[in-house]
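Hi everyone, thanks for coming.

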Amino acid sequence: MARFEGEMLGRAERLASLYPDPRSAIIPLCHLAQEQDGYVTEEAIAHIGELVGATGAEVQGTASFYDMLKFEPVGKYVIGVCTNISCMLRGGYELLDAASNTLGVPPGETTADGIFTLEEVECVAHCDKAPAVQINYRYFGPVDSDAFAELVGQLKSGELDEQVPEHGTLIRVLRDAPPPIPLEEIDAERARQDAEREARAASREV
Ligand code: FES
């Protein structure tokens, strides 16, 4: 699966409808694609372009600024070990080495079973718990080599399933309230902006 279908297509169309300019939904839609497939596939990029009126290159060009969006397959768990100043002073590099030994892969790579991707990351704003680790953007710390090995064991056994969903899932509670501004008003605003754009373009041609 790569294009949005069924329930995911409904969520994608709703996301696109929430913004006066549907292109503003590119990043949320990329996260939705990542929730669906674990990373943002080429097919999803093309589909997002169709949904918001952009080319695939425009979608890719926007999304590629964001580290949280992956364009190649990654592990079920993406583990980030921080080596920025606070974490470095409290053993961040030693932890990164230990993580690499525990997982059997260097930073930037995925284990052969596709379960773990290890990353070295900059400050993730968990400095008071240095050295800090993020697993699918959930925080852990302070973590030493033993605690890291224990975390890996807990992830493998499913003990942390409640706390850490598979890579791509940012939230598990979806908003079901209507948008704060009625969709008709958003459509009217879009029409007004389109008319203004056309008027500006016409005045430039004169
Ligand atoms: S320096 Fe590691 S979380 Fe801030």
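The buried residues of α3 pack against α1, α2 and α4 (56-63); contact here puts two C-beta atoms, placed from the backbone, within 7 Å. A quick note on what you're seeing: this is a predicted model, where local features need pLDDT of at least 70, side-chain atom pairs count only at pLDDT 80 or more, and totals for chains, interfaces and linings use all residues. Residues are numbered from 1 along each chain as its sequence is written. Helices are DSSP runs (H or I, at least four residues), numbered from the N terminus.

So which residues of α3 (residues 42-52) are buried? They are A44, I45, H47, I48, L51 and V52, buried meaning 20 or more other C-beta atoms within 10 Å of a residue's own. They sit on the same side of α3, because they cover an arc of only 165° around the axis, taken from the directions from the helix axis to the C-beta atoms. Just after α3, G53 has a positive phi of about 75°.

Now, α2 against α3: their axes, lines fitted to C-alpha atoms over the stretch in contact, come within 10 Å and cross at roughly 145°, with angles running from 0 to 180 degrees between N-to-C directions. On the α2 side we have I26, L29, C30, A33 and D37, and they meet A44, I48, L51 and V52 of α3.

Finally, α1 (residues 6-17) packs on α2 (residues 26-37) at about 165°, axes 10 Å apart. That makes α1 roughly antiparallel to α2, a label for angles over 145 degrees.

Key:
Helix = DSSP H or I, 4+ residues; strand = E, 2+ residues; numbered from the N terminus. Parallel < 35°, antiparallel > 145°, perpendicular 65-115°, else oblique. Buried ≥ 20, exposed ≤ 12 C-beta atoms within 10 Å, placed from the backbone.
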